[in-house]
Amino acid sequence: YATAADDSLHTSPPLPAYLSRALDIHNRASGVPLHAADVGEDTDDDEPEPVAPEPSDAVVQRVSGTIRWKKGKLVGLGAQGKVYVGQDLDNHTVMAVKELVCMDDKVHESRLAEIEREIDMLRTLDHPNIVKYIGVNKVVADGSITLHLFLEYVAGGSLQSFIKKMDKNGLDEAAAQLYTKQILNGLAYLHAKDIVHRDIKSANILLAIFGSHQVCKIADFGAS
């Protein structure tokens with residue numbers, strides 16, 4: 001279990017060997033260095049990490065069983081919250097931890113309800129082109145509610161950031177066709193379950209890299 005006194009909460013966990021190899025392949029292919037700490041959206045390294053209430057017992061309910069975890073470095077910022085690297089302390093896998101904080105009052109009830117609807121929906125999804133849900137943890141302290149949403153860690157970052165790292169010509173036609181097909185496969189799965197994403201854009205498409213094989217994954221269901 002990780003506690004507030006544990007310095008490991010403020011350090012990034014090491015990436016598994018296969019992710020390190022994927023990053024190396026990306027770096028050599030694109031010519032633009034991509035580091036483990038930079039795989040999410042671009043952030044300001046000088047910005048201090050926010051302090052959120054931490055559970056004294058960092059056990060999270062997941063799809064099956066529980067998970068013990070520790071928080072790593074801030075890797076992404078969004079309208080809905082912040083994203084950290086996290087590590088499963090039992091199987092040592094890397095996760096994305098989406099942290100959402102709102103006040104525990106009547107004013108913020110609707111936002112909390114929206115977040116909980118997103119979580120309930122994510123629990124039902126299982127498709128290779130959709131970011132996988134792992135679990136959730138809820139902390140109530142000092143008049144605020146902090147939700148940690150645990151998701152599959154996608155090392156390639158967003159499709160938007162990947163395209164920005166390419167030359168001025170962007171993606172070639174073959175890559176654009178591949179990514180479009182994968183995104184449409186994910187959308188077809190969602191629509192078959194009567195789910196409309198409503199915010200499909202390159203910033204909400206994550207790119208998993210497995211050697212020479214690349215897979216687009218739809219993320220951020222906050223508007224669904």
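Rings of Phe, Tyr and Trp, the last represented by its six-membered ring, count as a pair if their centres lie within 6.5 Å. The legends below apply this rule and describe close-up views of a predicted model.

**Figure 1. The aromatic pair of Trp-69 and Phe-150**. A search of the whole structure finds 1 aromatic pair. Its members are Trp-69 and Phe-150, with a centre-to-centre distance of 4.9 Å and an angle of 75 degrees between the planes. Because planes over 60 degrees apart count as edge-to-face, the pair is assigned to that class. Trp-69 belongs to strand β2 (residues 66-77) and Phe-150 to strand β6 (residues 144-152), so the contact ties together parts that are 81 residues apart in sequence. Trp-69 is buried, with a relative accessible area of 2%. Phe-150 is likewise buried, its relative accessible area being 0%.

**Figure 2. Lys-71 over the ring of Tyr-84**. In this view the charged end of Lys-71 sits over the Tyr-84 ring. The distance from the charged end to the ring centre is 4.5 Å.

**Figure 3. The hairpin of strands β5 and β6**. Strand β5 (residues 133-141) runs antiparallel to β6, and 8 bridges join the two. There are 2 residues between these strands in the hairpin. Asp-142, located in the turn, has a positive phi of about 55 degrees.

**Figure 4. The salt bridge of Glu-116 with Lys-138**. The side chains of Glu-116 and Lys-138 meet at an N to O distance of 3.7 Å. Glu-116 is partly exposed, at a relative accessible area of 33%. Lys-138 also counts as partly exposed, with 44% relative accessibility.

**Figure 5. The salt-bridge network of Lys-98, Glu-118 and Asp-220**. By the salt-bridge criterion, the count comes to 8. One of these bridges joins Lys-98 to Asp-220, whose closest N and O atoms are 3.7 Å apart. The two residues belong to distant parts of the chain, 122 residues apart: Lys-98 is in strand β4 (residues 94-103), whereas Asp-220 is in the segment after β8 (213-218). Lys-98 counts as buried at 11% relative accessibility, while Asp-220 counts as partly exposed at 30%. Glu-118 is linked with both residues in the network.

**Figure 6. The salt bridge of Arg-123 with Asp-120**. The closest N and O atoms of Arg-123 and Asp-120 are 2.8 Å apart. Arg-123 counts as partly exposed, with a relative accessibility of 43%. Asp-120 is assigned to that class as well, at 45%.

**Figure 7. Positive phi at Asp-194 and Arg-198**. Asp-194 is found in the loop between α4 (173-192) and β7 (205-210). Its phi is near 60 degrees, a positive value in a residue other than glycine. Arg-198 lies in the loop between α4 and β7 too, and its phi is near 75 degrees, again positive in a residue that is not glycine. Asp-194 is exposed, with a relative accessible area of 72%. Arg-198 is exposed as well, and its relative accessible area is 64%.

Key. Residues numbered from 1 in each chain as written. Predicted model: local features only at pLDDT ≥ 70, side-chain atom pairs only at ≥ 80, totals over all residues. Heavy atoms only, no water. Phe/Tyr/Trp six-rings, centres within 6.5 Å; stacked < 30°, edge-to-face > 60°. Helix = DSSP H or I, 4+ residues; strand = E, 2+ residues; numbered from the N terminus. Buried < 20%, exposed > 50% of the residue type's maximum accessible area, 1.4 Å probe, protein only. Lys NZ or Arg CZ within 6 Å of the ring centre and 35° of its normal. Pairing = 2+ DSSP bridges. Salt bridge = Lys/Arg side-chain N within 4 Å of Asp/Glu carboxyl O.
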